Amino acid sequence: MKVRLTLGLVDRPGTLLNVLEQIAIHGGNIISIIHNRDRITAGYVPVSINVEFPSSEQLEKAKSSIESIGVPVMESETLEKKVETFLLIGAIDIDLITSTLQNEGARLIGLSLIGSSKTPCLKLIIDTPLEKRHRLLKSLQSVISSSDCLLIREEEN
Amino acid sequence: MIRALILGYGFLGKALAKRLLNRPVEELKIVGLANSKGYLYKRDGLQLEKIKEPLEDNEGFEKGRATELLTKEYIDLLIELTPTNISTGEPGITHIRTALKEEIDVVTANKGPVLLALKELKRIADEKNVIFKYEGTVGGGIPIFSLVNKCLQGDDIISIRGILNGTTNYILTRMHFEGLTFELALREAIMLGIAERNPTLDVEGIDTAVKILILANSIMNLNKNLSDVKIVGVTKVTPEAISAAKDNGMTIKLIGSIEDGELSVEPRLIRLNHPLCVHGTLNAINIKSNVLKTLTLIGEGAGESTVASLLNDIYDVIKERHSKIKF
Ligand SMILES: NC(=O)c1ccc[n+]([C@@H]2O[C@H](COP(=O)([O-])OP(=O)(O)OC[C@H]3O[C@@H](n4cnc5c(N)ncnc54)[C@H](OP(=O)(O)O)[C@@H]3O)[C@@H](O)[C@H]2O)c1
């Protein structure tokens, strides 16, 4: 799995090398490193490292090792996302849908309302981190289960 | 020579008889034809070209249950083609159970018995050392069971999904290409004889669920029943939704699937260039496996093409019997 780790490095030679060692120990493969020198705060330089780990367990272990050498992991964000289209047929509260998406860490990148007020149809284009996809689907299904709506998701390849 | 009884002489029974008349199977003799009223039986084989319709008008037609033939006369193969009943499985289950117990091989396209009594019927077949085949129950003429059993031995099937109901696929196709409403497309399908007068089982997704269950229990060795399948039909699909899908290079199809041990039937958005995206009354089945990875079969899922499945099963019986030199 590919992730972007944003770390707060103290601006001291050798710190980055230490971090990279921890990543390598846990099987991480570095894809790229970006120093955000313009975002230095309280002596920290935020560094974003894109890494590929063999599994989520190894990612978690690497994160603990990095923290154990005194480097805070400020953010860990998956780089594997899926953009997919959903259709919602029937009358539904749009706010309810958008808040569900937000709660599940999905991003709404397209929203359109098609059809008349008698036969409304909502088209949603959603960007979801892969590992959150299953949960998002269950949440959406449970949100609409009390309504008379039909949720149509995209068939995988 | 295999002496066969065609039990259920409706659309499929007649289509099979017609095919056998035009292109006889060397080792096969039809000794009996039966419908709900009774049967015609001739020990040394019926002359199919002389059979009149209805069956009752033929000389020698006996009123009564065809099961009598299974227990009293010498029959090697039962071709069971009575109507599918998904609540009781009858009369199919009784017919097939009786035959297997009498050491008669069975070929069927009747979904009821396979849905409700597969384990029991397989067990009896094993105990009696007879053959029980049901290729025609799913996907009409598409050879899904034979393919998996004969061509993917040693591979592991991970998932199966597909378009398994021609009626709903016809309706959704007409909605996609002509912008018809569901109701109009359904009426058209009934007029054309594609949908039955009571299309509930098709449009509510139940027929697809039955087929998905047969695939799950038979190919993936699961032990599921109808209540384990999440079923959503196509009645709520609107022309607006299909047009919204179209704008993104997609359409809506009724997909049955077995994925991660979960069984579902629901309308899904599907890319127009997806291998499963077939139109009209066509069916499509996609299997994912560890070694081969992915394979998609497309074909007519009902109608006369189902005879191809019946014939293949019949040939399997003949070949297996030959290899065992039972007769
Ligand atoms: N048609 C297809 O495209 C297709 C495709 C795949 C699978 N199947 C399955 O194949 C089976 C046959 O289909 P079909 O379309 O040929 O059905 P069908 O046209 O309705 O014919 C059914 C036949 O079974 C007879 N029958 C009913 N109850 C009986 C009983 N108790 N004892 C003896 N015979 C009885 C009927 O007798 P009467 O003539 O006296 O009414 C009729 O001859 C069904 O289970 C169906 O689900 C059909």
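Reader: Which residues in helix 7 (residues 182-191) of chain B are called buried, and what makes a residue buried?

Author: This is a predicted model, in which local features need pLDDT of at least 70, side-chain atom pairs count only at pLDDT 80 or more, and totals for chains, interfaces and linings use all residues. Side-chain values use heavy atoms, with hydrogens and water left out. Buried means under 20% relative accessible area, exposed over 50% and partly exposed in between (1.4 Å probe, protein chains only). In helix 7 of chain B, the buried residues are B:F182, B:A185, B:L186, B:A189 and B:I190. A helix here is a DSSP run of H or I with at least four residues, a strand a run of E with at least two, both numbered from the N terminus.

Reader: Why are these residues said to be on the same side of helix 7 of chain B?

Author: The arc is taken from the directions from the helix axis to the C-beta atoms. These residues cover an arc of only 140 degrees, and therefore lie on the same side of helix 7 of chain B. B:R187 and B:M191, on the other side, are exposed.

Reader: What covers the buried residues of helix 7 of chain B?

Author: The cover includes helix 6 (166-178) and helix 8 (200-203) of chain B, where contact means heavy atoms within 4.5 Å.

Reader: What makes strand 5 (residues 81-89) and strand 7 (residues 121-129) of chain A a pair?

Author: Two strands pair if DSSP finds at least two bridges between them. Strand 5 and strand 7 of chain A are joined by 9 bridges and run antiparallel, so they meet the criterion. Among the partners, A:L87 is bridged to A:K123 in strand 7 of chain A.

Definitions and conventions. Residues numbered from 1 in each chain as written. Chains lettered and ligands numbered in written order.
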